[in-house]
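Take a look at the fold below. We will go from the overall shape to the domains, then to a few local details.

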Amino acid sequence: MRTKICCTLIMKLGIVCYPTYGGSGVMATELGLAMAGKGFEVHFISYKRPVRLGGFYPNVYYHEVNSFEYPLFDFKPYDTALASKIVNICLHYQLDLLHVHYAIPHATIAHLAKEILYTKGIRLPIITTLHGTDITLVGNESSFHPVVEFSINQSDGVTAVSESLKQDTLKHFQIEKPIEVIYNFIDFSRFKKRHQLFKSQFGCENQKLILHVSNFRKVKRISDILKVFKGIHSEIRSKLVLIGDGPESTSLVDLTEELGLKDSVIFMGKQDAIEEMLDLADLFILASEHESFGLAALEAMACEVPVISTDAGGLKEVNLHGYSGYVSAVGDIESMTKNALSILADDTILNQFKKQALQQAKKFDLDVILPQYINYYQKIIDTSQQKNR
Ligand code: GMT
């Protein structure tokens with residue numbers, strides 16, 4: 001169902017995000033670009049140009065946070081530099097709203113900037129979007145917990161990218177305000193089946209191609225994917241393509257050799273044009289231990305690639321068991337292998353799952369989700385203005 005946009009004013013929006021390959025930065029960038037496409041003035045604030053912010057876009061500004069080097073500092077005081085940047089950008093461009101992605105440290109720094117601006121007679125409403133590990137893995141750590149809890153409660157609006165993440169947040173923290181669930185979205189103008197690449201170009205004709213994309217951290221349990229692939233490979237001619245890089249890369253190469261899969265697993269490193277590789281894929285695997293949403297799985301589904309995943313976090317809200325793919329318990333290699341084989345072994349079944357994956361992805365169409373954000377922005381601005389009267 002499409003939500004009607006009730007926004008009347010053109011907002012000047014600040015977006016604070018991580019610029020790297022993580023899903024929160026990707027979502028923040030895509031959201032900002034989509035807002036700019038609707039005529040909003042969008043100011044990205046980060047320490048590096050976000051990966052998906054290549055090229056020139058009308059209405060889009062990028063402000064880099066530069067931390068000052070000084071011999072006293074073992075660690076550059078990025079947080080202080082970020083707060084100062086937010087204050088300066090807000091004063092110069094008169095932002096209507098600041099939307100920060102990933103609570104640590106962005107929600108905290110946003111609150112500090114807001115307090116500084118308040119002393120100058122300016123009221124800047126803050127929205128924090130919780131993305132996952134800022135709650136489940138990192139935010140939950142005692143070294144961060146009190147600050148994360150305080151900062152979330154100080155935000156004027158809080159959104160979570162899945163119902164599961166909302167529930168995790170309420171379980172781990174004492175939250176005093178409503179959390180709005182606004183799912184991650186997919187831009188079908190970019191992520192769609194293209195029929196442009198052919199397996200023969202990759203030397204894998206007549207083979208099934210299985211894909212995984214991530215930042216190769218422990219939480220992704222890529223070793224489970226290799227074990228599942230071993231089971232698939234023993235029954236079906238197939239190749240596994242791993243896209244991304246990260247702390248687990250070296251040990252995964254070693255495991256590939258140990259499992260005797262060296263010639264069938266391709267490590268492609270970081271790639272920008274994921275949608276082109278998805279054009280070739282028959283199956284996507286995500287074996288994560290925690291996954292608040294699983295944007296990579298949604299991108300696969302939009303390109304008509306069924307998903308074998310765990311049931312961690314919000315994955316089961318994205319990947320519908322028995323429809324867009326299958327979900328299994330974390331670490332259940334036998335179940336994931338069985339499910340993968342049941343999809344791959346028969347082309348009629350595979351084609352059915354491909355169609356269903358696309359249907360499920362359509363629930364997260366940008367055109368469905370964007371109005372939810374715009375209406376939420378408007379609501380937070382209105383509430384904040386009422387409070388200030
Ligand atoms: O874990 C990552 O892959 C990066 C992380 C991030 O915050 O950058 O991703 C989280 O946010 C994504 C966008 O909302 C979600 O799709 C991912 O599921 C989530 N990752 C985890 O919860 C582990």
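The protein has 14 helices and 13 strands. Helices (H or I, at least four residues) and strands (E, at least two) are DSSP runs, numbered from the N terminus. The radius of gyration is 22 Å, close to the 21 Å that the globule rule gives for 389 residues, so the protein is as compact as a globular protein of that length. That radius is taken over C-alpha atoms, and the rule is 2.2 Å times the number of residues to the power 0.38. Along the principal axes, the C-alpha atoms fill a box of roughly 70 × 50 × 40 Å.

This is a predicted model: local features need pLDDT of at least 70, side-chain atom pairs count only at pLDDT 80 or more, and totals for chains, interfaces and linings use all residues. Residues are numbered from 1 along each chain as its sequence is written, and side-chain values use heavy atoms, leaving out hydrogens and water.

Now the domains. Domain 1 covers 8-185 + 366-387, and domain 2 covers 199-364. These bounds come from an automatic or database domain assignment. The two centres, taken over C-alpha atoms, are 31 Å apart. The contact (heavy atoms within 4.5 Å) takes 22 residues from domain 1 and 18 residues from domain 2.

How much area do domain 1 and domain 2 bury between them? The figure is about 1,500 Å², with 59% of it on carbon and sulfur atoms. Buried area is the accessible area (1.4 Å probe) that two parts lose on being put together, summed over both.

Between domain 1 and domain 2 the count is 1 salt bridge. Such a bridge puts a side-chain nitrogen of Lys or Arg within 4 Å of a carboxyl oxygen of Asp or Glu. The side chains of Arg52 and Glu299 form a salt bridge at 3.2 Å, N to O. On the domain 1 side that touches domain 2, the elements giving two or more residues include helix H1 (23-37) and helix H14 (366-388).

The structure as a whole holds 13 salt bridges. In one, the side chains of Glu275 and Arg190 meet at 2.9 Å, N to O. This pair links distant parts of the chain, 85 residues apart: Glu275 is in helix H9 (residues 274-278), and Arg190 is in the loop between strand S7 (179-181) and strand S8 (208-213).

Finally, the backbone. Most residues other than glycine have a negative phi, and most peptide bonds are trans. Tyr102 is not a glycine, yet has a positive phi of about 80 degrees. Tyr102 lies in the loop between strand S4 (97-101) and H3. The peptide bond from Ile104 to Pro105 is cis, with omega near -10 degrees. Pro105 is found in helix H3 (residues 103-119).
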